[in-house]
Structure formats: C-alpha cells, structure tokens
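Subject: Handing over the structure

Dear colleague,

Please look through the sequence and the structure before reading on.

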Amino acid sequence: MAIDIPRIPLGGGIEDGLNFLTSHYSVVTRGISRVTQSGITVLNEGLMWLPEWALMAIIALICWRVANLRLGIGAVLGLALIWNLGLWDPMIETLTLVVIATVVAVVIAMPVGVLAAMSDRFYSVIMPVLDFMQTMPAFVYLIPAIPFFGIGSVSAIFATVIFSMPPAIRFTTLGIRQVPKDLIEAADAFGATRSQKLIKIQFPLSLSTVMAGINQTIMLALSMVVIAAMIGADGLGSEVWRAIQRLRPGDGFEAGIAVVILAMLLDRITQALRKPKKKTS
Amino acid sequence: MTETDETNIKIQVRGLSKVFGSQPKKALELRNQGKKRPEILEKTGQTLGLSNIDFDVREGELLVIMGLSGSGKSTLIRCLNRLIEPTEGDIVIDGQNIPKLSEKELLECRRRHFSMVFQNFALFPHKTVQENAEYGLEVRGVEKASRVESARNSLKQVGLDGWEDAYPSQLSGGMQQRVGLARALANDATVMLMDEAFSALDPLIRKDMQQELIELQHRMKKTTIFITHDLDEAISIGDRIILLKDGEVVQSGTPEEILTRPADDYVARFVEGVDMSRILTANSALRPVRATARDSDGPRTVLRKMSDNGLDSIYVVGRDRTLMGIVSVDDVDAAAKAGKDTVSELIQNDFPKAGPDEPMNNLFAMFNDKSYPIAIVDDNQRLLGVVVKGAVLEQLAEAGEH
C-alpha cells in the first residue's frame, strides 16, 4: 500500500510570488525598465557614433597604457577582424550590455560585500544566497525577467546582473577580510573610526582582490549577455542564435570568435588594472 | 608639578583581570578561591589571562613589563587602550577610567593618550613613509600642512629624513621600525606603548634602537610602557621593571632591585643568565666614608682622624663636602713634624673617582697600585662615599651565586 505523499507545490508557489510582484510592482519595474533602456540607448548610440577606427584607436590606447604595447597591437588586430566580418555593430551592442550590467552589479555588490566582511551574521546569511545565485542554471533567470521587463535588452541586463554579481560580492568580502589583523589593530590603536578604517586602510588594501572579483563579474556578464539573446537581447549572442536556427555553423563560429576577442580584451584590461604599476622612488 | 616629578602618577591600574572565554564570572570566582590558571582552565575551560594586576605608571618614566610568552604581557598592554576588553578592574589615566568609557570617549582617549609601536611594525604598505608617520594625526583630523610638519619632524628624530617618499617595503626591518616609532612620536600622545618593539630586529640593530630609544626618551620625557621577553633589554632600557608570570605580577622595581633581590625562584631563574658585573653599579658597593679631613684642618687633627679609623690615607673635602683630593699618612706625618698649619698643600689628585652609576666591571680596573679606595662623587663633585676593592669582589661573588 503506497502512501500518497502530495507533491510540494514549489514551482506553483514561486510562480504565484512572481505574479504578485509583477502585478503589484509594475510601476517599479516599468521605471527600472525605462531608465535602463535609455541608458542602453545612450551608450550604444555614443559608441556607434564614433567611427570604427576611432574606437579602435581609443581601445588600443587604453590597452597600451594600462598593460603593454603588445596588448594594444592585439586589440587593433582583433577589433579589425570583427569589423571585417561585419560584426562591429553587434559587438558594440554586446559591449554596451556588458558595461551596464557590470556597473549595476558592482554598485550593488560593493556595499553588500563590505557588509558581509564586517558582520559575521550577515556573512552567514548572504553566502548561501550567493551559492544559490551562482549554481542556478543561468537560463532560469531569463524566464522571470520577461514578465518583469518584457522581451529585450532590459531583461537581459536584469538576468545578467543577478548571474554575474556573486563574484564581485565574494571577492570584496574576501579582500576586506584578508587585510592583516595587525594593520587593523594599528588603526584601532590610533583611534580610527570604523569608516576611517574602511576607507583609508581596508579598501585600498583589498583593491587588488576586489578588482579580481570585478574581472570575474565582467566575464560572467559577457557569457550571460550572449545567452540572453534567447530572450531577445541584441548583440553577438543574437548572431549566434540566428546561426543556430538557420543551421549555419560558419556564421556561428564567426560570432563566437568575436565574443572570444571581446572577452580577451576585457579580461586583459581588467587584469592589468589589478596590478598597479610599482611606484619607485 | 614638573615633568620630572617622580611622584606624579600618569596611569593607575587597579585589580585588572582578563578572562578569555564565555564565562568570565566563573573563572574569577575560582580565582578568588585561590585557584591558579591551569586549574581554572581545567575546570571551566576559561583562560585567566590577567589576574588582579596593580601598578602605577609614573609621568615621564620608561616602564618595562617583562615576562615569557604566555605571561600576559601583550594582553596587559592591550587592555590599557582596550584593544582587548578587560574583564574587571580600573585603568585610570588623567582621571578617566578607561574600561568605563563609551565607544566615542574611547576613540578620543586613544587619540589623545596612546600611540603604539608594534612587534611586526604594522606599517601600512600602501602608504609612503611620510603618510605612515602622519597616520595618527590624519585620524585625528589634523589639517594637512601641520601634520606634514609634525611627521617630518618625527622622521628626523628617528634619523629617517630623506626617506619620506619611500614605501615601507623598500626599507630594512630596522628602518621600518623607525617608521613605526616616528608614527608613534608624531601623534604626540601622552603615553607611548611599545609591544616587543625591537624583538623582530637582529641583535646589533636592536642594541642601536635601544640606545636611541633611551636617548629619545630622556630628551622628550615621554611616558613609555615597553613590553619585552628579554631581561637584558628590560635592564638596559627600563627605569622600572614589572615582572609578569601566568598573568600575575611577580615583582616590580628598578633593574638593580630585581637583579640583586629577586622576589622568588622564578625571578631568580630569570636573572641567572645576566652578566652581573655589567649591571651592578658603584652604588651597590658604596660604603659611607668613615672619616674625611677638611682642607682647613691642621696636620695633627688629620693624623688623629686617620689613626682613630685605621686609615693610611684620607679624602679631603671642602665646606660643602666637595671633594678636593686625598692625603697620605706619610705626608701628613712629615707636615706635622715640620709644624705646618694646614694640610692644604699636601692634597694629591691622582686618586680614582667615579659617579654612582659607574658599572662595576669598570670600577675593578680603576684600583691603582696605591690602593686608595675609589671616591664616588655626584654631579656637583660632592663626596657620596667610597668603594673599596673588597666590596667590589664581594658584590661580584654574591651576584655569581644567583
């Protein structure tokens, strides 16, 4: 005799919750949507307004200044290839989404990370949440994004922010907790307040670790905005998506290579920022 | 009240105890029943870090707190500025009882009264030497121009001018600790806490730093509390020493008191390894002068004084006991026979003379073939007493027994 255990209506509960949010907070979501959309448009059009060669020169110059000449030359070659393949505009759209998603993620992550570093209780609450955010399959975030923000780039950014934020939080917390105890003790001994310690000691000393977190966030954001093509985000992802639908492996690889080039450039630039050039006297 | 006034108490510590653990009351109860640290740990799982510490810190002195690791000395110094919260007791500085201060008052108290030098320097690696030295003032909100000035001054004091723009990682250990010292000095707090400040330095640099600290301290009269596990260090820099063992004060006193009259076996064992002849001074072998002659005395009076006391030479002093020289029995005898009025023409100056702080091993070399006793005089050349060869040997032998 089998005991009939009723199925726990987990999915139904979540859906009810989401429905409640969408119907009652549509003012909020619509507001966010409008602001984000205009941000995307401005940045997109700004970057598109620049002639291709000018943007290439700017990016190459940044690469050269923060890292070295080799990266600068690499940037020119890579971007020239993207231009040549006719993927310049999708590349710009992807870059825009990555930049905006990263900025939003970092702005949220910093205070959360600092809080988690200062309070053990908050730390023990936030860590499982971060585990959840990171291990939940990325696609799942796309689904609730649509009722909130509709099909398109805003939903893509919403999903991307959630997916890419955890490393920025984790590394910020780690960086601040890693500051040697004796330095904190020294600051305390001289009568530093909590915020004086944070701003003048803990934050500067954890900067390199925090930058590593931001680097991770950018990489995750890039991978997510590509996937977000499934819910109508523009950019290189939609090129890949179209190639899949039309069974054109060549087009798919071309767009894929463009993503790789963009990823490498973003990665190398942020890595170089992480290690500030040694000041010598 | 002047700065040199020895009776001027800067910090008063009374009944200070610290229990590490979640049930301090239980541990203190057992302590009050006379239980010791290991027993309390076994019964309650609480560590009695400090137990009922009483001591005073005098204005302008260099007080050394000494003990082996685990004796509670680092805990004690951190209780003073509440980097570690004391469990019970009073720490009164200028009328403020530190354990009772609110968070805000505590910050203010730390800024005004305490600056600290750490064993591992604890310099901020992202700040230059100059910025490190400014730190205490920066925290206090002193404006840039004046804090640059004070930091520069204190860097000069420790011999680091020219290194302002370097980063700590570019300096040697000794220089890093000078920055630590400059950071503490620039702050101009009333008390300087030094936690094993020189223990991480190699022996030669360490000796230099000790000397410099002594000079600085004498010059600035900054009340200093210095923690160390090294008796040699404690003796060479301390005005007074407090000896800690298992969180309790075993003995306190001047270096010489601790060396010559160890309070118990623990202190005695500590003292064993020290070269006594280097530490003992003329003071401990000083004998009062049995008789002195005045320069106005006639030869017969002097002869009488000498024969009464069994002396074959006698020191001659002026009206206010300033030492004028020595006369020998043969010369005085001859003068008496010649019918001279005074001994003033007979005074010789080739006698050994030293101050009361002269180390014992120097004294030994001063005895010359005439075997006059060594005259011990103060800064104004007044005769304090004499040291005879026998007394030196006796002191050294006694010291050797410990």
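**A helix of chain B and its surroundings**

The buried residues of helix 5 of chain B pack against helix 10 of chain A, and also against helix 4, strand 6, helix 6 (144-157) and helix 7 (173-186) of chain B. Please keep in mind throughout that this is a predicted model. Helix 5 of chain B is mostly covered, with 11 of its 12 residues buried, and the buried residues include B:Val129, B:Ala133, B:Tyr135, B:Leu137 and B:Val139. The charged side is represented among these buried residues too, by B:Glu131, B:Glu134 and B:Glu138. Just after the end of helix 5 of chain B comes B:Gly141, which takes a positive phi of about 85°.

**Where the two chains meet**

How many residues does each chain bring to the contact? Chain B gives 21 residues and chain A gives 16 residues. On the side of chain B that touches chain A, at least two residues come from each of helix 4 (103-113), strand 6 (114-117) and helix 5 (129-140) of chain B. Sorted by class, that side of chain B holds 11 nonpolar, 7 polar and 3 charged residues.

**Strand 7 of chain B**

Strand 6 of chain B, which supplies residues to the side touching chain A, is also joined by 4 bridges to strand 7 of chain B, and these two strands run parallel. One pairing to look for is that of B:Phe114, whose bridge partner in strand 7 of chain B is B:Val191. Strand 7 of chain B is in turn joined to strand 8 (residues 223-228) of chain B by 5 bridges, again with the strands running parallel, and here B:Val191 stands opposite B:Thr223 in strand 8 of chain B.

Is strand 7 (residues 191-195) of chain B mostly covered or mostly open, and how many of its residues are buried? Strand 7 of chain B is mostly covered, and 5 of its 5 residues are buried.

**A separate look at strands 11, 12 and 13 of chain B**

Further along chain B, 3 strands form an open sheet in the order 11-12-13, and the pairing in this sheet is mixed. Strand 11 (293-294) and strand 13 (323-328) of chain B stand at the edges with a single partner strand each, so one side of each has no neighbour in the sheet. Strand 11 of chain B runs parallel to strand 12 (residues 313-317) of chain B and is joined to it by 2 bridges, and B:Arg294 stands opposite B:Val317 in strand 12 of chain B.

Two helices of chain B meet these strands. Helix 14 (residues 299-309) of chain B lies across strand 11, strand 12 and strand 13 of chain B, and runs at about 125° to strand 12 of chain B. Helix 15 (residues 329-338) of chain B packs on the sheet and touches strand 12 and strand 13 of chain B, its direction making about 80° with that of strand 13 of chain B.

**Chain A and its helices**

Chain A has 12 helices and 0 strands, and its C-alpha trace spans about 70 × 65 × 40 Å along the principal axes. Of its 281 residues, 37% count as buried. Among the contacts in chain A with a separation of 6 or more, 76% are between residues 24 or more positions apart.

The crossing of helix 8 and helix 10 of chain A is right-handed, and by class their contact has 16 nonpolar, 11 polar and 1 charged residues.A second pair is formed by helix 5 (residues 88-118) and helix 11 (residues 236-245) of chain A, whose axes come within 7 Å and cross at roughly 120°, which makes helix 5 oblique to helix 11 of chain A. Among the residues making this contact are A:Pro90 and A:Met91 of helix 5 and A:Leu236 of helix 11 of chain A.

With kind regards

Terms used: Residues numbered from 1 in each chain as written. Chains lettered and ligands numbered in written order. Predicted model: local features only at pLDDT ≥ 70, side-chain atom pairs only at ≥ 80, totals over all residues. Left-handed = near helix turned anticlockwise from the far one by under 90°. Contact = placed C-beta atoms within 7 Å. Buried ≥ 20, exposed ≤ 12 C-beta atoms within 10 Å, placed from the backbone. Pairing = 2+ DSSP bridges. Axes fitted to C-alpha atoms, helices over the stretch in contact; angles between N-to-C directions. Parallel < 35°, antiparallel > 145°, perpendicular 65-115°, else oblique.
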